Amino acid sequence: MTWEKYMKISLDLAKEALQAGEVPVGCIFIDKDDKIVATGCNTVNETKNATRHAEVNCVDKLVNDGLSNKFSELTVVVTVEPCIMCAAMLVKIGCSTIIYGCANDRFGGCGTVFECPGLLNCKIQKGILAEQAMDLLKLFYKGQNPNAPDSKVKKKIKKC
């Protein structure tokens, strides 16, 4: 199966997140019948809750819709490699497949930084429309995150 059409949907969600001032990550959950059963994007800045990643928001939607029995049938299509927290969560709920765009060089939990235990039981496909996903991240990080806490790093005082 070609995953580009689904990744394009996730990229659209990531663009919505970027417009809202969030780290641009979009995610969809697809059931065994190739039906999209949940969509999500990061809402960390909006909620002021560091755990509100796109994957977590999708899980919440399934739980709220009474579809938590579908977890083992899920394919996750996410623009950026799930972080260690999200990869561990996806393994724990029994997700069968994770498809992602670009690698997460700082927090990747699907092998880039850390391979979460249990991922061997999960099919992983990476690099789907990775350049587009990375371009969105670059756009976000080019600017300043207005919701980021003040830096704790002491600045050098310039001497005359």
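Ile 99 counts as buried because its relative accessibility is 1%, where buried means under 20% relative accessible area, exposed over 50% and partly exposed in between (1.4 Å probe, protein chains only). The model is predicted: local features need pLDDT of at least 70, side-chain atom pairs count only at pLDDT 80 or more, and totals for chains, interfaces and linings use all residues. Residues are numbered from 1 along each chain as its sequence is written, and side-chain values use heavy atoms, with hydrogens and water left out.

**The chain as a whole.** The chain has 5 helices and 5 strands. Helices (H or I, at least four residues) and strands (E, at least two) are DSSP runs, numbered from the N terminus. Their order from that end is α-β-β-α-α-β-α-β-β-α. Of the 160 residues, 42% count as buried. Take the contacts between residues at least 6 apart in sequence: 58% of them join residues at least 24 apart. Contact means heavy atoms within 4.5 Å.

**Around Ile 99.** Ile 99 sits in strand E4. Which residues does Ile 99 touch, not counting those up to four places away in sequence? They are Trp 3, Met 7, Thr 75, Val 76, Val 77, Val 78, Gln 125 and Ile 128. Val 76 is 23 residues from Ile 99 in sequence, yet their C-alpha atoms are 5.9 Å apart in space.

**Helix H4.** Cys 86, Ala 87, Met 89 and Leu 90 of H4 are buried. They lie on the same side of H4, because they cover an arc of only 160 degrees around the axis. The arc is that of the directions from the helix axis to the C-beta atoms. What covers these buried residues includes E1, H3, E3 and E4. After H4 comes Gly 94, with a positive phi near 90 degrees.

**H3 meets H4.** The two axes come within 9 Å and cross at roughly 30 degrees. H3 is therefore roughly parallel to H4. Angles under 35 degrees count as roughly parallel, over 145 as roughly antiparallel, 65 to 115 as roughly perpendicular and the rest as oblique. Axes are lines fitted to C-alpha atoms, for helices over the stretch in contact, and angles run from 0 to 180 degrees between N-to-C directions.

| Helix | Residues in the helix | Residues in the contact |
|---|---|---|
| H3 | residues 54–64 | Glu 55, Val 56, Val 59 |
| H4 | residues 84–93 | Met 85, Cys 86, Met 89, Leu 90, Ile 93 |

By class, this contact has 7 nonpolar, no polar and 1 charged residues. Ala, Val, Leu, Ile, Met, Phe, Trp, Tyr, Cys and Pro count as nonpolar, Asp, Glu, Lys and Arg as charged, and the others, Gly among them, as polar.
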